[in-house]
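Q: I have a new structure to look at. Can you walk me through a few parts of it?

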Amino acid sequence: MKYIGIIPARFASTRFPGKPLAVLCGKTIIQRVYEKASSVLDEVYVATDDDRIFSKVTEFGGKAIMTSPDHQSGTDRVFEAATKVVNGNCNDRDTIIINIQGDEPFIADTQIKSLCQCFDSETTDIATLGKPFTAENGIEAIENPNSPKIVTDVTGHALYFSRSTIPYNRNCSRTKWLDDINNYHTSYLKHIGIYAYRLPVLAEITRLPQSPLELTEKLEQLRWLQNGYKIRVALTDIETIGIDTPNDFAKAEAYIQSQQR
C-alpha cells in the first residue's frame, strides 16, 4: 500500500487572501501543514495554482505541483495533482491519496495514521475523520453551521453530513443534548475535513456532477453519498484548529505561543 499526501492550496481567498503564505510563529501555514504530513506519509505534494505558493514550497524543500486555476473544488485539484504524480496511471487500488487541508497546521500524525488504517480493509474506498463533541464544547458548537456534523451507521460508515445539528434529540430540551449523550448511546460528531481515497475511486468521484444534496448543504461529500459511495469515518479525540479567517490566525498564533512558554 502506498500513501500519498496532497495538500490543495490557493492564494485567493475571500475571507483570508494569501492564507497559505501567512507566517505563523516563524513558519508559513503551508510549511507547517507540509511538515506534519511528511512525518507520516510516503510522499507529500502541495497542489497549487499560484507561482508564489509553488516557489515558497520549493524554497523550504517541499514538493509542489502546479494545477489549473479553474477547479471548482479542492478534490478536483487533488486529483489533477495525483494524476501527475502517478503519470496518468489511476487504476491502482493500493495507491491511497490523502487530501489534507492547507489550513490545518495542527493536524496530528495520529489522525493521518487513523485514516491510513481504514484501508487495511479492502472494502474501504473513501475515509474521513469525525470527533465527538463533548459537554465542554457547549450547545453553540453543535449548532454552528460552519462546523459540519456526521451521523454514522453501526459499521462506522457515514449516513449523512449536515450543517444542521444531527441527530435531533426529541427526548429533552436542546440545552441538554450534549448532557444526554450517554442515555441514548449516541453522540454528536464533528466532521474533520481530511479525506483519503483509493486512487481509482478518486478518479470516479471527480467525474460526478454536483448532486441536489450537495447543492443544498454546500457539502461536497454528499455528492459521493448520494451516488452510492460509502465513506468510512475514523474517530479522533483531538481537536484541530483550522484557519479560515485572520481572527482564526490570531487564535492559532496565541495557541502556539502559549505552548512555547
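A: A term to begin with: two strands pair if DSSP finds at least two bridges between them. In this predicted model, Thr152 stands opposite Ala158 in S9.

Q: Which way do S8 and S9 pair, and over how many bridges?
A: Strand S8 (residues 149-152) pairs with strand S9 (residues 158-162) in the antiparallel sense, over four bridges.

Q: And what's between S8 and S9?
A: Five residues, in a hairpin formed by the two strands. Gly156 in the turn has a positive phi of about 85°.

Q: What joins S8 to S10?
A: Two bridges join S8 to strand S10 (residues 189-198), and these strands run antiparallel. Ile150 has Leu189 in S10 as its bridge partner.

Q: Is Cys118 buried or exposed?
A: Cys118 counts as buried because its relative accessibility is 8%, and buried means under 20%. Cys90, at 12%, counts as buried too.

Q: Now H10. Which residues of H10 are buried?
A: Asp248, Phe249, Ala252 and Ile256. Seen down the axis of H10, they fall within an arc of 100°, so they line one face of the helix.

Q: What covers the buried residues of H10?
A: The cover includes strand S2 (23-24) and helix H1 (29-38).

Q: How far does H10 reach?
A: Helix H10 (residues 246-260) has 15 residues and reaches 21 Å from its first C-alpha to its last, close to the 21 Å expected.

How values were computed: Residues are numbered from 1 along each chain as its sequence is written. This is a predicted model: local features need pLDDT of at least 70, side-chain atom pairs count only at pLDDT 80 or more; totals for chains, interfaces and linings use all residues. Side-chain values use heavy atoms; hydrogens and water are left out. The expected span of a helix is 1.5 Å times one less than its number of residues. Buried means under 20% relative accessible area, exposed over 50%, partly exposed in between (1.4 Å probe, protein chains only). The arc is that of the directions from the helix axis to the C-beta atoms. Contact means heavy atoms within 4.5 Å.
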